[in-house]
Amino acid sequence: MEKSMEKVIEIKNLTKSYGNGRGINDINLDIYQGDIFGFLGPNGAGKTTAMKIMTGLIRPDHGDVRIFGYSVTEEFEKAMKQVGCLIEIAESYHYLSAFDNLKQLARYYPEVDHKRIEEVLELTGLIKFKNEKPKKFSLGMKQRLGLAAAVLSRPKVVILDEPLNGLDVEGMIDIRKLIQHLAENEQTTFFISSHLIHDVELTCNRIGVIYNGKILNVESTHNILKNYATLENYFVSEVERNGRVPSSAD
Amino acid sequence: MAVFQAALINEVEKLYKKKKVLVAVLLSLAVIVIGQIGIIGVRSGFGLRGTGSLEFPMLVLSVVVNTVLPLFTALVTIDSFSGEFSQNTMRITLTRPVSRFKIYMAKITAIILFILGALLLLLIFSMMAGFIFNTNSATLDSLGRTVFSYLVSLFPMLVLALGIVLLANIFKSGIAVFFVSILIFLAMKVLGLIFSQYSSLLLTTQLDWYNLFLVNSFPLAKIVRQFFIMLGSAIMLFTAGFYIFDKKEF
(Lines give C-alpha, C1' and ligand atoms only; values in the text may rest on other atoms or scores of the structure.)
Protein backbone atom coordinates (compact mmCIF):
# COMPACT_ATOMS: atom_id res chain seq x y z
CA MET A 1 0.00 0.00 0.00
CA GLU A 2 2.67 2.44 1.03
CA LYS A 3 4.81 1.83 -2.02
CA SER A 4 2.36 3.71 -4.23
CA MET A 5 2.62 6.79 -2.06
CA GLU A 6 5.09 9.58 -2.52
CA LYS A 7 8.52 8.88 -1.10
CA VAL A 8 9.32 11.79 1.19
CA ILE A 9 12.61 10.78 2.78
CA GLU A 10 15.06 8.41 1.17
CA ILE A 11 18.02 7.27 3.24
CA LYS A 12 20.62 5.35 1.25
CA ASN A 13 23.67 3.46 2.57
CA LEU A 14 24.06 6.00 5.33
CA THR A 15 27.26 5.38 7.25
CA LYS A 16 29.00 7.47 9.87
CA SER A 17 31.49 6.13 12.36
CA TYR A 18 33.01 7.89 15.33
CA GLY A 19 36.37 7.32 16.89
CA ASN A 20 34.84 5.36 19.77
CA GLY A 21 33.48 2.73 17.36
CA ARG A 22 29.92 4.00 17.65
CA GLY A 23 27.86 5.44 14.84
CA ILE A 24 25.63 4.06 12.12
CA ASN A 25 26.38 1.50 9.48
CA ASP A 26 24.78 1.27 6.04
CA ILE A 27 21.30 2.46 6.95
CA ASN A 28 18.63 2.30 4.25
CA LEU A 29 15.16 3.66 4.88
CA ASP A 30 12.26 5.03 2.87
CA ILE A 31 9.64 7.20 4.50
CA TYR A 32 6.39 7.79 2.65
CA GLN A 33 3.92 10.63 2.80
CA GLY A 34 1.58 10.34 5.76
CA ASP A 35 3.91 8.11 7.75
CA ILE A 36 4.34 8.72 11.41
CA PHE A 37 7.57 6.82 11.44
CA GLY A 38 8.92 5.70 14.79
CA PHE A 39 12.68 5.28 14.97
CA LEU A 40 13.07 2.96 17.89
CA GLY A 41 16.26 1.97 19.58
CA PRO A 42 18.13 2.05 22.89
CA ASN A 43 20.33 4.95 23.90
CA GLY A 44 23.46 5.08 21.81
CA ALA A 45 22.03 2.98 18.97
CA GLY A 46 22.64 5.75 16.45
CA LYS A 47 19.24 7.47 16.30
CA THR A 48 20.56 10.97 16.89
CA THR A 49 23.50 10.44 14.52
CA ALA A 50 21.12 9.49 11.70
CA MET A 51 18.87 12.43 12.47
CA LYS A 52 21.74 14.89 12.65
CA ILE A 53 22.84 13.80 9.19
CA MET A 54 19.25 14.16 7.94
CA THR A 55 19.18 17.77 9.13
CA GLY A 56 22.65 18.76 7.96
CA LEU A 57 24.27 19.05 11.41
CA ILE A 58 26.89 16.44 10.56
CA ARG A 59 28.09 14.94 7.32
CA PRO A 60 27.95 11.22 6.55
CA ASP A 61 31.06 9.17 5.74
CA HIS A 62 29.11 7.46 2.98
CA GLY A 63 25.60 7.54 1.62
CA ASP A 64 23.07 10.30 1.39
CA VAL A 65 19.65 11.43 2.53
CA ARG A 66 17.14 12.82 0.05
CA ILE A 67 14.14 14.79 1.16
CA PHE A 68 11.58 15.31 -1.62
CA GLY A 69 14.34 14.24 -3.98
CA TYR A 70 16.85 16.85 -2.84
CA SER A 71 20.11 15.70 -1.31
CA VAL A 72 20.82 17.19 2.11
CA THR A 73 24.56 17.12 1.44
CA GLU A 74 24.34 18.85 -1.92
CA GLU A 75 21.12 20.87 -2.08
CA PHE A 76 20.64 21.66 1.57
CA GLU A 77 18.43 24.73 1.22
CA LYS A 78 16.00 23.00 -1.14
CA ALA A 79 15.97 19.82 0.92
CA MET A 80 15.19 21.68 4.14
CA LYS A 81 12.54 23.97 2.69
CA GLN A 82 9.69 21.67 3.76
CA VAL A 83 11.33 20.31 6.90
CA GLY A 84 10.84 21.24 10.52
CA CYS A 85 12.97 19.57 13.14
CA LEU A 86 13.89 19.28 16.77
CA ILE A 87 17.20 17.55 17.45
CA GLU A 88 18.16 16.45 20.97
CA ILE A 89 17.45 19.26 23.43
CA ALA A 90 15.31 22.11 22.13
CA GLU A 91 17.61 25.10 21.93
CA SER A 92 16.52 28.72 22.10
CA TYR A 93 18.14 32.11 22.46
CA HIS A 94 17.72 32.80 26.15
CA TYR A 95 17.99 36.57 25.72
CA LEU A 96 15.05 36.70 23.27
CA SER A 97 11.41 36.24 24.23
CA ALA A 98 9.58 33.11 23.10
CA PHE A 99 7.87 35.20 20.43
CA ASP A 100 11.14 36.75 19.22
CA ASN A 101 12.77 33.32 19.12
CA LEU A 102 10.12 32.17 16.68
CA LYS A 103 10.30 35.47 14.79
CA GLN A 104 13.97 34.76 14.08
CA LEU A 105 13.00 31.50 12.40
CA ALA A 106 9.96 32.97 10.65
CA ARG A 107 12.26 35.21 8.60
CA TYR A 108 13.37 32.19 6.58
CA TYR A 109 9.80 31.51 5.46
CA PRO A 110 8.05 34.40 3.68
CA GLU A 111 4.61 32.88 4.31
CA VAL A 112 5.01 32.76 8.10
CA ASP A 113 3.60 35.92 9.69
CA HIS A 114 3.01 37.06 13.28
CA LYS A 115 -0.39 35.42 13.25
CA ARG A 116 1.17 32.05 12.51
CA ILE A 117 3.68 32.54 15.34
CA GLU A 118 0.81 33.18 17.77
CA GLU A 119 -0.96 30.16 16.34
CA VAL A 120 1.90 27.74 17.08
CA LEU A 121 2.37 29.26 20.53
CA GLU A 122 -1.31 28.60 21.15
CA LEU A 123 -1.00 25.09 19.73
CA THR A 124 1.83 24.22 22.11
CA GLY A 125 0.24 25.96 25.08
CA LEU A 126 2.87 28.68 25.36
CA ILE A 127 0.79 31.70 24.38
CA LYS A 128 0.69 32.92 28.01
CA PHE A 129 4.47 33.03 28.05
CA LYS A 130 5.04 34.56 24.63
CA ASN A 131 6.80 37.64 25.98
CA GLU A 132 8.88 35.75 28.52
CA LYS A 133 12.45 34.71 27.90
CA PRO A 134 13.18 30.96 27.76
CA LYS A 135 15.86 31.55 30.42
CA LYS A 136 13.11 31.09 33.01
CA PHE A 137 11.40 28.19 31.21
CA SER A 138 11.26 24.66 32.58
CA LEU A 139 12.65 21.83 30.47
CA GLY A 140 9.14 20.90 29.35
CA MET A 141 8.38 24.48 28.31
CA LYS A 142 11.61 24.68 26.36
CA GLN A 143 10.67 21.44 24.64
CA ARG A 144 7.28 22.89 23.74
CA LEU A 145 8.98 25.96 22.30
CA GLY A 146 11.22 23.65 20.27
CA LEU A 147 8.16 21.86 18.95
CA ALA A 148 6.50 25.18 18.12
CA ALA A 149 9.65 26.07 16.17
CA ALA A 150 9.59 22.72 14.37
CA VAL A 151 6.01 23.10 13.09
CA LEU A 152 6.13 26.89 12.59
CA SER A 153 6.50 26.86 8.80
CA ARG A 154 3.76 24.22 8.27
CA PRO A 155 6.45 21.81 7.09
CA LYS A 156 5.48 18.71 5.14
CA VAL A 157 8.07 16.69 7.04
CA VAL A 158 8.80 16.97 10.72
CA ILE A 159 11.87 15.29 12.19
CA LEU A 160 11.74 14.96 15.97
CA ASP A 161 14.50 13.49 18.09
CA GLU A 162 13.15 12.40 21.46
CA PRO A 163 10.38 15.03 21.43
CA LEU A 164 8.99 13.93 24.77
CA ASN A 165 12.18 14.59 26.71
CA GLY A 166 11.40 16.45 29.88
CA LEU A 167 7.65 16.49 29.35
CA ASP A 168 5.16 15.50 32.03
CA VAL A 169 2.27 13.13 31.29
CA GLU A 170 0.00 15.97 30.29
CA GLY A 171 2.69 17.34 28.01
CA MET A 172 3.24 13.94 26.43
CA ILE A 173 -0.47 13.57 25.69
CA ASP A 174 -0.61 17.12 24.28
CA ILE A 175 2.30 16.48 21.96
CA ARG A 176 0.96 13.11 20.84
CA LYS A 177 -2.36 14.78 20.01
CA LEU A 178 -0.54 17.55 18.17
CA ILE A 179 1.40 15.04 16.07
CA GLN A 180 -1.73 13.06 15.21
CA HIS A 181 -3.66 16.26 14.46
CA LEU A 182 -1.01 17.48 12.02
CA ALA A 183 -0.68 14.07 10.39
CA GLU A 184 -4.44 13.81 9.85
CA ASN A 185 -5.31 17.39 8.94
CA GLU A 186 -2.21 18.63 7.18
CA GLN A 187 -0.84 15.30 5.92
CA THR A 188 2.43 16.05 7.68
CA THR A 189 4.92 13.21 7.59
CA PHE A 190 6.73 12.56 10.86
CA PHE A 191 10.05 10.92 11.59
CA ILE A 192 10.25 10.52 15.33
CA SER A 193 12.98 8.88 17.34
CA SER A 194 12.35 7.63 20.80
CA HIS A 195 13.46 5.11 23.33
CA LEU A 196 10.02 5.21 24.96
CA ILE A 197 8.50 2.05 23.48
CA HIS A 198 5.03 2.60 24.79
CA ASP A 199 4.79 6.05 23.34
CA VAL A 200 6.06 4.94 19.94
CA GLU A 201 3.38 2.26 19.96
CA LEU A 202 0.67 4.83 20.61
CA THR A 203 1.91 7.51 18.23
CA CYS A 204 3.51 5.89 15.21
CA ASN A 205 2.05 3.93 12.31
CA ARG A 206 5.37 2.53 11.02
CA ILE A 207 8.32 1.47 13.09
CA GLY A 208 11.97 0.95 12.31
CA VAL A 209 14.18 -0.68 14.90
CA ILE A 210 17.78 0.46 15.10
CA TYR A 211 20.31 -1.41 17.20
CA ASN A 212 24.08 -0.95 17.33
CA GLY A 213 23.98 1.40 14.37
CA LYS A 214 22.06 -0.98 12.12
CA ILE A 215 18.43 -1.13 11.05
CA LEU A 216 17.02 -4.48 12.14
CA ASN A 217 13.56 -4.27 10.63
CA VAL A 218 10.86 -1.89 9.41
CA GLU A 219 7.23 -2.83 9.84
CA SER A 220 3.84 -1.17 10.24
CA THR A 221 2.57 -0.89 13.81
CA HIS A 222 -0.63 -2.59 12.71
CA ASN A 223 1.23 -5.69 11.49
CA ILE A 224 3.48 -5.79 14.54
CA LEU A 225 0.56 -5.74 16.92
CA LYS A 226 -1.14 -8.51 14.94
CA ASN A 227 1.78 -10.83 15.75
CA TYR A 228 2.97 -9.54 19.09
CA ALA A 229 1.11 -8.55 22.23
CA THR A 230 3.08 -5.36 22.63
CA LEU A 231 5.70 -3.41 20.75
CA GLU A 232 8.12 -4.23 23.53
CA ASN A 233 7.82 -7.96 22.80
CA TYR A 234 8.47 -7.27 19.12
CA PHE A 235 11.49 -5.12 19.93
CA VAL A 236 13.03 -7.77 22.21
CA SER A 237 12.42 -10.52 19.67
CA GLU A 238 13.96 -8.45 16.87
CA VAL A 239 17.02 -7.75 18.95
CA GLU A 240 17.29 -11.40 20.04
CA ARG A 241 17.00 -12.56 16.46
CA ASN A 242 20.02 -10.45 15.73
CA GLY A 243 22.04 -12.05 18.44
CA ARG A 244 21.97 -9.55 21.27
CA VAL A 245 19.60 -9.33 24.18
CA PRO A 246 19.42 -5.97 25.84
CA SER A 247 19.09 -5.95 29.59
CA SER A 248 16.40 -3.36 29.23
CA ALA A 249 14.62 -1.82 26.32
CA ASP A 250 15.52 1.69 27.32
CA MET B 1 19.43 36.77 -1.55
CA ALA B 2 16.22 36.76 0.49
CA VAL B 3 17.62 33.93 2.59
CA PHE B 4 20.88 35.80 3.21
CA GLN B 5 18.90 38.90 4.13
CA ALA B 6 16.88 36.92 6.66
CA ALA B 7 20.07 35.47 8.15
CA LEU B 8 21.66 38.92 8.33
CA ILE B 9 18.65 40.54 10.01
CA ASN B 10 18.68 37.69 12.53
CA GLU B 11 22.37 38.17 13.30
CA VAL B 12 21.95 41.93 13.71
CA GLU B 13 18.93 41.41 15.95
CA LYS B 14 20.87 38.96 18.13
CA LEU B 15 23.69 41.48 18.40
CA TYR B 16 21.64 44.42 19.57
CA LYS B 17 19.38 42.43 21.86
CA LYS B 18 22.41 41.42 23.87
CA LYS B 19 23.68 43.71 26.57
CA LYS B 20 27.23 43.53 25.21
CA VAL B 21 26.57 46.05 22.48
CA LEU B 22 25.22 48.53 24.97
CA VAL B 23 28.33 48.06 27.10
CA ALA B 24 30.47 48.63 24.00
CA VAL B 25 28.65 51.89 23.28
CA LEU B 26 29.00 53.10 26.85
CA LEU B 27 32.70 52.24 26.98
CA SER B 28 33.30 54.03 23.69
CA LEU B 29 31.67 57.11 25.12
CA ALA B 30 33.73 56.73 28.28
CA VAL B 31 36.90 56.82 26.17
CA ILE B 32 35.81 60.13 24.69
CA VAL B 33 34.83 61.63 28.03
CA ILE B 34 38.05 60.53 29.72
CA GLY B 35 40.10 61.77 26.78
CA GLN B 36 38.38 65.10 26.81
CA ILE B 37 38.76 65.53 30.55
CA GLY B 38 42.45 64.63 30.19
CA ILE B 39 42.92 67.28 27.53
CA ILE B 40 41.11 69.95 29.51
CA GLY B 41 43.26 69.00 32.50
CA VAL B 42 46.46 69.33 30.49
CA ARG B 43 45.32 72.62 29.07
CA SER B 44 44.33 74.25 32.31
CA GLY B 45 47.00 72.62 34.46
CA PHE B 46 50.01 73.14 32.22
CA GLY B 47 48.78 75.90 29.99
CA LEU B 48 49.34 73.72 26.92
CA ARG B 49 47.18 74.02 23.85
CA GLY B 50 46.01 70.40 23.83
CA THR B 51 44.09 69.76 20.65
CA GLY B 52 42.01 71.64 18.13
CA SER B 53 38.42 70.70 17.42
CA LEU B 54 39.24 68.24 14.64
CA GLU B 55 42.47 67.01 16.15
CA PHE B 56 40.53 65.52 19.02
CA PRO B 57 38.64 62.95 16.87
CA MET B 58 41.99 61.89 15.38
CA LEU B 59 43.47 61.55 18.84
CA VAL B 60 40.51 59.40 19.85
CA LEU B 61 40.89 57.26 16.73
CA SER B 62 44.60 56.69 17.32
CA VAL B 63 43.80 55.42 20.81
CA VAL B 64 40.75 53.29 20.06
CA VAL B 65 42.07 51.44 16.99
CA ASN B 66 44.75 49.92 19.18
CA THR B 67 42.68 49.36 22.31
CA VAL B 68 38.92 49.26 22.75
CA LEU B 69 37.96 48.66 19.14
CA PRO B 70 39.99 45.43 18.68
CA LEU B 71 38.72 44.37 22.11
CA PHE B 72 35.05 44.87 21.19
CA THR B 73 35.59 43.27 17.83
CA ALA B 74 37.04 40.24 19.59
CA LEU B 75 34.19 40.08 22.10
CA VAL B 76 31.45 40.35 19.50
CA THR B 77 33.13 37.87 17.15
CA ILE B 78 33.76 35.32 19.89
CA ASP B 79 30.19 35.69 21.07
CA SER B 80 28.81 35.23 17.58
CA PHE B 81 30.80 32.05 16.93
CA SER B 82 32.18 30.39 20.10
CA GLY B 83 29.19 31.54 22.15
CA GLU B 84 26.73 29.93 19.79
CA PHE B 85 28.84 26.79 19.45
CA SER B 86 29.02 26.24 23.19
CA GLN B 87 25.34 26.97 23.87
CA ASN B 88 24.33 24.82 20.90
CA THR B 89 22.18 27.67 19.62
CA MET B 90 24.04 27.34 16.33
CA ARG B 91 21.75 24.39 15.62
CA ILE B 92 18.70 26.66 15.58
CA THR B 93 19.94 28.34 12.43
CA LEU B 94 21.75 25.38 10.89
CA THR B 95 18.62 23.25 10.65
CA ARG B 96 16.76 25.91 8.68
CA PRO B 97 16.74 26.20 4.88
CA VAL B 98 19.87 28.35 4.80
CA SER B 99 23.29 27.18 3.67
CA ARG B 100 26.30 27.31 5.97
CA PHE B 101 28.00 29.77 3.64
CA LYS B 102 25.14 32.23 4.01
CA ILE B 103 25.15 31.84 7.79
CA TYR B 104 28.91 32.43 7.88
CA MET B 105 28.59 35.46 5.60
CA ALA B 106 25.68 36.85 7.62
CA LYS B 107 27.63 36.56 10.86
CA ILE B 108 30.64 38.33 9.41
CA THR B 109 28.52 41.05 7.80
CA ALA B 110 26.81 41.66 11.14
CA ILE B 111 30.23 42.01 12.80
CA ILE B 112 31.33 44.48 10.09
CA LEU B 113 28.16 46.49 10.66
CA PHE B 114 28.91 46.51 14.39
CA ILE B 115 32.45 47.80 13.83
CA LEU B 116 31.21 50.40 11.36
CA GLY B 117 28.56 51.48 13.86
CA ALA B 118 31.15 51.78 16.63
CA LEU B 119 33.47 53.83 14.40
CA LEU B 120 30.69 56.18 13.33
CA LEU B 121 29.53 56.60 16.90
CA LEU B 122 33.05 57.42 18.03
CA LEU B 123 33.44 59.83 15.13
CA ILE B 124 30.22 61.71 15.86
CA PHE B 125 30.73 61.95 19.61
CA SER B 126 34.40 62.86 19.42
CA MET B 127 33.60 65.53 16.85
CA MET B 128 30.88 66.92 19.07
CA ALA B 129 33.20 66.91 22.06
CA GLY B 130 35.91 68.48 19.93
CA PHE B 131 33.71 71.30 18.73
CA ILE B 132 32.27 72.02 22.16
CA PHE B 133 35.43 71.98 24.24
CA ASN B 134 38.31 72.82 21.94
CA THR B 135 39.47 75.74 19.87
CA ASN B 136 37.89 75.80 16.49
CA SER B 137 40.39 74.96 13.78
CA ALA B 138 38.10 73.05 11.44
CA THR B 139 38.33 73.33 7.69
CA LEU B 140 36.33 71.38 5.18
CA ASP B 141 39.49 69.57 4.09
CA SER B 142 40.42 68.44 7.57
CA LEU B 143 36.83 67.43 8.25
CA GLY B 144 36.90 65.24 5.14
CA ARG B 145 40.18 63.69 6.19
CA THR B 146 38.86 62.94 9.67
CA VAL B 147 35.76 61.21 8.35
CA PHE B 148 37.85 59.31 5.82
CA SER B 149 40.32 58.16 8.47
CA TYR B 150 37.50 56.68 10.51
CA LEU B 151 36.01 54.92 7.51
CA VAL B 152 39.25 53.36 6.25
CA SER B 153 39.93 52.03 9.75
CA LEU B 154 37.10 49.60 9.12
CA PHE B 155 39.27 47.59 6.77
CA PRO B 156 42.04 46.45 9.15
CA MET B 157 39.34 45.82 11.77
CA LEU B 158 37.67 43.48 9.31
CA VAL B 159 40.93 41.57 8.87
CA LEU B 160 41.22 41.35 12.65
CA ALA B 161 37.64 40.06 12.93
CA LEU B 162 38.28 37.41 10.27
CA GLY B 163 41.38 36.29 12.15
CA ILE B 164 39.35 35.90 15.32
CA VAL B 165 36.61 34.07 13.39
CA LEU B 166 39.24 31.56 12.27
CA LEU B 167 40.47 31.11 15.84
CA ALA B 168 36.88 30.76 17.08
CA ASN B 169 36.40 27.92 14.62
CA ILE B 170 39.63 26.21 15.68
CA PHE B 171 39.35 26.41 19.47
CA LYS B 172 36.38 25.08 21.37
CA SER B 173 36.33 27.55 24.23
CA GLY B 174 35.62 31.23 23.80
CA ILE B 175 38.07 32.10 26.57
CA ALA B 176 40.85 30.25 24.73
CA VAL B 177 40.05 32.21 21.57
CA PHE B 178 40.16 35.46 23.53
CA PHE B 179 43.54 34.75 25.12
CA VAL B 180 45.11 33.42 21.95
CA SER B 181 43.85 36.52 20.10
CA ILE B 182 45.41 38.79 22.70
CA LEU B 183 48.69 36.85 22.66
CA ILE B 184 48.90 37.01 18.87
CA PHE B 185 48.03 40.70 18.97
CA LEU B 186 50.80 41.40 21.51
CA ALA B 187 53.28 39.19 19.64
CA MET B 188 52.60 41.14 16.46
CA LYS B 189 53.14 44.42 18.30
CA VAL B 190 56.50 43.20 19.59
CA LEU B 191 57.53 41.78 16.21
CA GLY B 192 56.61 45.07 14.61
CA LEU B 193 59.02 46.84 16.96
CA ILE B 194 61.87 44.36 16.53
CA PHE B 195 61.59 43.92 12.78
CA SER B 196 60.37 47.38 11.96
CA GLN B 197 61.35 47.06 8.28
CA TYR B 198 58.78 44.25 7.88
CA SER B 199 56.18 45.74 10.17
CA SER B 200 53.91 46.75 7.31
CA LEU B 201 53.10 43.06 6.88
CA LEU B 202 51.63 42.86 10.36
CA LEU B 203 48.02 43.52 11.17
CA THR B 204 48.89 45.58 14.22
CA THR B 205 50.72 48.06 11.99
CA GLN B 206 47.87 48.07 9.51
CA LEU B 207 45.48 49.21 12.22
CA ASP B 208 47.16 52.60 11.92
CA TRP B 209 47.10 52.68 8.13
CA TYR B 210 44.66 55.61 8.13
CA ASN B 211 47.75 57.73 8.86
CA LEU B 212 48.91 57.11 5.31
CA PHE B 213 45.96 59.08 4.03
CA LEU B 214 46.85 62.07 6.19
CA VAL B 215 50.35 62.54 4.78
CA ASN B 216 50.39 65.51 2.44
CA SER B 217 52.52 63.76 -0.21
CA PHE B 218 49.88 60.98 -0.38
CA PRO B 219 51.99 57.80 -0.68
CA LEU B 220 49.80 56.03 -3.23
CA ALA B 221 52.16 53.06 -3.80
CA LYS B 222 52.34 52.38 -0.09
CA ILE B 223 48.57 52.64 0.32
CA VAL B 224 47.95 50.24 -2.56
CA ARG B 225 50.54 47.79 -1.17
CA GLN B 226 48.99 47.89 2.30
CA PHE B 227 45.56 47.47 0.79
CA PHE B 228 46.57 44.34 -1.07
CA ILE B 229 48.35 42.86 1.94
CA MET B 230 45.15 43.30 3.95
CA LEU B 231 42.96 42.04 1.12
CA GLY B 232 45.13 38.94 0.78
CA SER B 233 45.04 38.29 4.52
CA ALA B 234 41.28 38.82 4.59
CA ILE B 235 40.68 36.35 1.76
CA MET B 236 42.93 33.71 3.34
CA LEU B 237 41.46 34.10 6.82
CA PHE B 238 37.89 34.11 5.47
CA THR B 239 38.46 30.96 3.43
CA ALA B 240 40.27 29.07 6.18
CA GLY B 241 37.56 30.01 8.69
CA PHE B 242 34.78 28.92 6.38
CA TYR B 243 36.53 25.66 5.54
CA ILE B 244 36.49 24.68 9.21
CA PHE B 245 33.01 26.07 9.85
CA ASP B 246 31.58 24.10 6.92
CA LYS B 247 33.08 20.85 8.19
CA LYS B 248 32.08 21.38 11.82
CA GLU B 249 29.78 18.84 13.44
CA PHE B 250 27.04 20.11 15.70
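User: Let's start with helix packing. Does helix 3 of chain A pass helix 5 of chain A in a left-handed or a right-handed crossing?

Analyst: The crossing is right-handed. Bear in mind that this is a predicted model. Helix 3 covers residues 98-106 and helix 5 covers 139-151.

User: At what angle do helix 3 and helix 5 of chain A pack, and how far apart are their axes?

Analyst: The angle is about 30°, and the axes lie 10 Å apart. Angles under 35 degrees count as roughly parallel, and helix 3 and helix 5 of chain A are therefore roughly parallel to each other.

User: And which residues of helix 3 and helix 5 of chain A meet there?

Analyst: Start with the general idea: an α-helix has 3.6 residues a turn, so residues three or four places apart point the same way. In this case, helix 3 of chain A brings Ala98(A), Asn101(A), Leu102(A) and Leu105(A), while helix 5 of chain A brings Leu145(A), Ala148(A) and Ala149(A). Sorted by class, that contact has six nonpolar residues, one polar and no charged ones.

User: What does helix 5 of chain A lie across?

Analyst: It lies across strand 6 and strand 7 of chain A, running at about 165° to strand 6.

User: On to the sheets, then. In what order do the six strands of the open sheet in chain A come, and what is the pairing?

Analyst: The general idea first: strands of a sheet pair through backbone hydrogen bonds, either parallel or antiparallel. Here the order is 6-7-8-3-9-10 and the pairing is mixed. Strand 6 (83-86) and strand 10 (214-220) of chain A each have a single partner strand, so one side of each has no neighbour in the sheet. Averaged over this sheet, neighbouring strands are turned by 15° against each other, direction ignored.

User: How many bridges join strand 8 of chain A to strand 3, and how many to strand 7?

Analyst: Five bridges link strand 8 to strand 3 (residues 36-40), and the two run parallel. On that side, Leu40(A) has Ser194(A) as its bridge partner. Strand 7 (residues 157-161) also pairs with strand 8 in the parallel sense, over five bridges, and there Ile159(A) is partnered by Phe191(A). Strand 3 pairs with strand 9 (residues 206-211) as well, again in the parallel sense, over four bridges, with Gly208(A) as the partner of Phe39(A).

User: How many residues of strand 8 of chain A are buried, and which way do they point?

Analyst: For burial, look for 20 or more other C-beta atoms within 10 Å. In strand 8 (residues 189-194) of chain A, six of the six residues are buried, so the strand is largely enclosed by the rest of the structure. Thr189(A), Phe191(A) and Ser193(A) point one way, whereas Phe190(A), Ile192(A) and Ser194(A) point the other way.

User: How much of helix 1 of chain A is buried?

Analyst: Helix 1 (residues 47-54) is mostly covered, with eight of its eight residues buried. Among them are Lys47(A), Lys52(A) and Met54(A). Just after the helix, Gly56(A) takes a positive phi of about 80°.

User: What about non-glycines: which phi does Asn13(A) have, and which does Glu162(A) have?

Analyst: Asn13(A) has a positive phi of about 45°, and Glu162(A) also has a positive phi of about 45°. Asn13(A) lies in strand 1 (residues 7-17) of chain A and counts as exposed, with 12 C-beta neighbours inside 10 Å. Glu162(A) sits in the loop between strand 7 and helix 6 (169-185) of chain A and is buried, with 21 other C-beta atoms within 10 Å.

User: In what order do the four strands of the other open sheet in chain A come?

Analyst: The order is 2-1-4-5, with antiparallel pairing. Strand 2 (23-32) and strand 5 (70-71) of chain A stand at the edges, each with a single partner strand, so one side of each lacks a neighbour in the sheet. Strand 4 (residues 62-67) pairs with strand 5 over two bridges, and Ile67(A) stands opposite Tyr70(A).

User: Last one: how many residues of chain A are in contact with chain B?

Analyst: 18 residues of chain A are in contact with 20 residues of chain B. On the chain A side, helix 2 (76-80) and helix 3 each supply at least two residues. Helix 2 gives the most, with three residues. By class, the chain A side has 11 nonpolar, three polar and four charged residues.

Technical notes:
Residues numbered from 1 in each chain as written. Chains lettered and ligands numbered in written order. Predicted model: local features only at pLDDT ≥ 70, side-chain atom pairs only at ≥ 80, totals over all residues. Pairing = 2+ DSSP bridges. Contact = placed C-beta atoms within 7 Å. Nonpolar A, V, L, I, M, F, W, Y, C, P; charged D, E, K, R; others polar. Axes fitted to C-alpha atoms, helices over the stretch in contact; angles between N-to-C directions. Parallel < 35°, antiparallel > 145°, perpendicular 65-115°, else oblique. Left-handed = near helix turned anticlockwise from the far one by under 90°.
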